Every structure is written in C-alpha cells, then in structure tokens.
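Take a look at the chain below.

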Amino acid sequence: MALNRIRVENLRRRNPLEWIATMEVGGDRDPSSYAGTEIVESFGNPRIYGRMMQNSDLRPEYQSEHQGNVRRALETITPGRAGTFTVDGRGRFLDYHGGHGFTRLHVLEWFTEAALRRGIGWYFEQRYRCNGRQIGRYRVIRICTPAGVEVRKQAL
C-alpha cells in the first residue's frame, strides 16, 4: 500500500513570527521507506477563528474602509505559497509557518489595542496530497498578539 497518512510530529516556535511543523508520513511500511516521496500542499480561504475577530475590534478610523465589517480584513490575508516537500530518510519533512499572513504590513493598525492584547485569530485549511491522493487535512490557526504570532495545527 502507498503512503496514505500524515501527522504532526512536532510544532515549535522558531522566532516570534515563525513556527516549524515536523510532519511524519505513514502507510503500511516503515516511514523511512517513503524517503524521496513528494508531498504537495494546498490551502483553503482564510476564515475567522472562533470569535477572535469581531467588527468591534476595528478601530473607528478604519470602520469606513471596511464598511464596518471585519471580514473585509480577511481579504488582505494569505496563507502563503503552496509548497512541495520531499520526505527525508526518517519519513519526515519540515513545514514552515511564518508571519502573520497579512499582505500589507500596516494591517495590524486596523485593530484596537484591546483586540491585539487579546489576540486576533484566523485560520485556513491545509491539505496534503501524494500522487494525487489526499493524505491529510489540517486547520492552521494563527493568533496575532503584540508578542508575535502563535500557530496551532489541528487535524481535520
């Protein structure tokens, strides 16, 4: 049987804006036997995480720019460029999750200080495929605070 699953082995902070996920592949053989196999990722559209972005979180001077709707701020978010990974000799690969995701640096200025202290959060769906077959789906969550970005990765 071919490689058919993937899991998060480890997720660690590299610096205030970047996290690294160590992903491990699996199937009916030892993970190391998949060395050299390519994994392709794709992303879904950004969405608000829980209630971590609300219309009241927008500063008053930016209300008109977004018609008072925080969902318009999601239009300035990107999950990044989809990558292709090569499985190493231990059956793993590194997946880097960097930055806050906003395509314009001043975007965090749109939010009130209270919202930023609490954290504003959004997520996207990440899919992994191997040889045209989906082998994993995750929700990648980013929570932005003055201390940096927290990344969480939940299997779906």
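This is a predicted model: local features need pLDDT of at least 70, side-chain atom pairs count only at pLDDT 80 or more; totals for chains, interfaces and linings use all residues.

The chain holds one helix and nine strands. Read from the N terminus, the order is β-β-β-β-β-β-α-β-β-β. The C-alpha atoms fill a box of roughly 55 × 30 × 25 Å along the principal axes.

Now the contacts. Take those between residues at least 6 apart in sequence: 65% of them join residues at least 24 apart. Of the 156 residues, 46% are buried. The chain exposes about 8,300 Å². Carbon and sulfur atoms supply 46% of that area. Charge comes next. There are 25 positive and 17 negative side chains. The centres of the two sets lie 3 Å apart.

Turn to strand β7, residues 120–130. This strand is mostly covered, with eight of its 11 residues buried. Which strands pair with β7? Strand β3 (residues 38–43) is one of them, running antiparallel to β7 and joined to it by four bridges. Here Ser 42 has Arg 127 of β7 as its bridge partner. Strand β4, residues 47–48, also pairs with β7 in the antiparallel sense, over two bridges. Arg 47 stands opposite Tyr 123 in β7.

Strand β8 spans residues 133–145. β7 and β8 pair in the antiparallel sense over 11 bridges. The two form a hairpin with two residues between the strands. In that hairpin, Asn 131 takes a positive phi near 50°.

Methods. Residues are numbered from 1 along each chain as its sequence is written. Side-chain values use heavy atoms; hydrogens and water are left out. Buried means under 20% relative accessible area, exposed over 50%, partly exposed in between (1.4 Å probe, protein chains only). Contact means heavy atoms within 4.5 Å. Accessible areas come from the Shrake-Rupley method with a 1.4 Å probe; for residues, only the protein chains shown count as cover. Lys and Arg count as positive and Asp and Glu as negative; His and the chain ends are not counted. The place of a charge is taken as NZ of Lys, CZ of Arg, CG of Asp or CD of Glu. Two strands pair if DSSP finds at least two bridges between them.
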